[in-house]
Every structure is written in structure tokens, then in C-alpha cells.
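This report goes through one protein model step by step. Please keep the sequence and the structure in view while reading.

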Amino acid sequence: MSITKDRVAGYKAALADHGIKEKDSFIKYCEHGGLILPEIEKVITELMKLKPRPDAILALGDKLTTGSLRMLKTHNLNVPKILVSSAFSNSDTTELIEPPLSIIKQPAFEMGEIAATC
């Protein structure tokens, strides 16, 4: 999806802006957008086996966020002490997660409203 491409491009640009070398092995995709938990489990397991292991997870959607957190818990990884997790999310349920996540919210309704009036 183009939104995924845009978000990955933003991630890569942020790394470049801060002088952090991009590692292609750190970028993983879930074909079903987080709807299938074993798919997320496979990706998290692959990431946790990397040397060096990533020190943060950026999930690009609500289902990926909750699924990733579930899998990190399965791997006994303490968020945020061992691994930081942040996400794109429009779900109010992310406010219930402790410790709180860093969330990038995109007000889809408001964005659509503005686009429709331009």
C-alpha cells in the first residue's frame, strides 16, 4: 500500500536525518497488516534473532502494534526498559497500554474533511 511505502520512507528519512545507518534486515513486512498473529510472531522472532538486535520497534498500524506488543511479551522483553515500541495508531485503546507507547496519530476523519473541501 502507498501509505506503508510513505511511512517506511519517513522512517528511512528520520534515520538519515539523525546520521543513523539504515539496516534493511530491520525492516519487516506483514502481508496481512497484522490480522494474522503467527505472521507477526514470525517477524518479531526474526528481529529478536538478529545480531545486533534492534533496540526499538516501529509498528505501522494498529493491529501490528498490539500484535507486536503481544509477541514481545512472549519473548519476555520489557517495553520500554529493554525495547522501545512506538506506532502509527488511531485507536483509543493504545491509551490503555502501560507503560504508554509513543504514538503517531493521524486524524483520518479530519484529513478527509479537509481534502474534500479543497
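## A buried cysteine

C30 has a relative accessible area of 16%, and because buried means under 20%, C30 counts as buried. The model is a predicted one. C30 is found in the loop between α1 and α2.

Which residues touch C30, once its neighbours within four places in sequence are left aside? They are E39, I40, V43 and L64. For V43, the separation can be given in two ways: C30 and V43 are 13 residues apart in sequence, and their C-alpha atoms are 7.6 Å apart in space.

## Overall layout

The protein has four helices and three strands. Read from the N terminus on, the order of these elements is α-α-β-α-β-β-α.

The protein has 118 residues, and 30% of them count as buried. Its accessible surface comes to about 8200 Å². Carbon and sulfur atoms account for 58% of that surface. Contacts can also be sorted by separation in sequence: among those between residues at least 6 apart, 52% join residues at least 24 apart.

Side chains of opposite charge can pair when their charged atoms come close. How many salt bridges does the structure hold? It holds three.

One of them joins the side chains of K12 and E22, with 3.5 Å from N to O. K12 lies in helix α1, residues 2-17, while E22 lies in the loop between α1 and α2, so the pair ties together parts that are 10 residues apart in sequence. Are these two residues buried or partly exposed? K12 is partly exposed, at 30% relative accessibility. E22 is partly exposed too, with a relative accessible area of 33%.

K28 and E46 form another salt bridge, and their closest N and O atoms are 3.4 Å apart. This pair links distant parts of the chain: K28 is in the loop between α1 and α2, E46 is in helix α2, and 18 residues separate them. K28 has a relative accessible area of 31% and is partly exposed. E46 is also partly exposed, at 28% relative accessibility.

E46 also meets K42 in a salt bridge, at 2.8 Å from N to O. Here both residues lie in helix α2, four residues apart, which is about one turn of the helix. K42 has a relative accessible area of 54%, so K42 counts as exposed, the cut-off being over 50%. Through salt bridges that share partners, K28, K42 and E46 are joined into one network.

## Helix α3

Helix α3 covers residues 62-74, which makes 13 residues. How far does α3 reach from its first C-alpha to its last? The span is 19 Å, close to the 18 Å expected at 1.5 Å a residue.

Several residues of α3 are buried: L64, T65, G67, S68, L69, M71 and L72. One of these, L64, is also among the contacts of C30. After α3 comes N76, whose phi is positive, near 60°.

## Points to look up in the view

Start at C30, in the loop between α1 and α2, and find its contacts, including V43 and L64. Finally, find the pair K12 and E22, whose side chains meet in a salt bridge.

How values were computed: Residues are numbered from 1 along each chain as its sequence is written. This is a predicted model: local features need pLDDT of at least 70, side-chain atom pairs count only at pLDDT 80 or more; totals for chains, interfaces and linings use all residues. Side-chain values use heavy atoms; hydrogens and water are left out. A salt bridge is a side-chain nitrogen of Lys or Arg within 4 Å of a carboxyl oxygen of Asp or Glu. Helices (H or I, at least four residues) and strands (E, at least two) are DSSP runs, numbered from the N terminus. Buried means under 20% relative accessible area, exposed over 50%, partly exposed in between (1.4 Å probe, protein chains only). Contact means heavy atoms within 4.5 Å. Accessible areas come from the Shrake-Rupley method with a 1.4 Å probe; for residues, only the protein chains shown count as cover. The expected span of a helix is 1.5 Å times one less than its number of residues.
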